[in-house]
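Here's a quick briefing on the packing and surface of this one. Have a look at the model first, then go through the notes below.

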Amino acid sequence: MIALALPATNEGGFVPPAIEEMHLPEIFPWGADYGTGVGKQMVLVALSVVIIAVFFVLASRKGKLVPGRLQFLGEFGYGFVRNGIAKDVIGERDFLKFVPFLFALFFFIIVNNIYGAIPFIQLPSFSHPGGAYLLAAIVYFTWIGIGIKKHGMKYFVKATVPSGVPWYILPVLVPIEIISNFLVRPITHSLRLFATMMSGHLIIMLAGAGIEYLLVLQDNILLQASSLLVLVGGIAMYMLEALIMVLQAYVFTLLTAIYIQGALADDH
């Protein structure tokens, strides 16, 4: 923000990075326009599947009574999703069958988010909306399917007509429930992940561009020295973004478990 506030002493002013600059050229074919081929984010998404598979295969390949570091990390990650999300939210009776789905969802998101904190990669896959929309759509049809399987078509009544509500309030409440559960819920589920990843990445880009502007493109020694403040702020935001990357994976998976639990519940 210092770079934005201070006046320019050379030609032109500070030009902050735009969202379009996150749209990198494609890798296959090399240098093609964004959206016309296979790009960096597609490669990173495919790589995340390999990373997750290899890690947990290695972590579980030689199970020992006293686990080594790799086995401990694998068991800790699995136990966190199994007990801390699936069991606590869905309940002991039904949770076990949904653990693989929630487990895969959590680690797929966290690996693709953490890319943004790795030097030279520095691009969270979900900083573009397509992946977040697809994940939210998968979750959306999953919990609706679970509800229909459990309750039949009466599930839509259970999901939109709260029990114990006076009949004369239902004409107002039911449309709100329909919009909230079947329209707003998937939109917010996806946008929460996408928006935080995009905004965090833009902040880091802004800090880097501000440092370059103040340190390289300015002749005033005071302005150049102020780049240290931008650097400190950028590092602080970098650490905050890394924390948010983990939290968003947890929040997305937690909400998925909540939606599944709601689809299984007998009463709304």
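Valine 54 sits in helix H2, where helices are DSSP runs of H or I with at least four residues, numbered from the N terminus. This is a predicted model, so local features need pLDDT of at least 70 and side-chain atom pairs count only at pLDDT 80 or more, while totals for chains, interfaces and linings use all residues. Residues are numbered from 1 along each chain as its sequence is written, and side-chain values use heavy atoms, leaving out hydrogens and water.

- Valine 54 counts as partly exposed, because its relative accessibility is 43% (buried is under 20%, exposed over 50%, partly exposed in between, with a 1.4 Å probe and protein chains only).
- Leu47, Val50, Ile51, Val54, Leu58 and Leu70 make a nonpolar surface patch of about 460 Å².
- H2 gives the largest share of that patch, five residues.

**Nonpolar cores**

- The largest nonpolar core has 49 residues, and among those touching the most other members are Phe107, Trp143 and Ile260.
- Helices H2 (40-61), H3 (69-90) and H8 (221-264) are among the elements giving two or more residues to this core.
- Leaving aside residues up to four places away in sequence, phenylalanine 107 touches Ile52, Phe56, Gly77 and Val81 (contact means heavy atoms within 4.5 Å).

**Asparagine 181**

- Asparagine 181 lies in helix H7 (residues 170-215).
- Asparagine 181 is buried, because its relative accessible area is 7%.

How values were computed: Core = buried A, V, L, I, M, F, W, Y, C linked by side-chain atoms within 4.5 Å. Patch = residues over 30% accessible without salt bridge, like charges linked within 9 Å, V, L, I, M, F, W, Y side chains within 5 Å. Areas by Shrake-Rupley, 256 points an atom, 1.4 Å probe, with all protein chains shown as cover. Salt bridge = Lys/Arg side-chain N within 4 Å of Asp/Glu carboxyl O.
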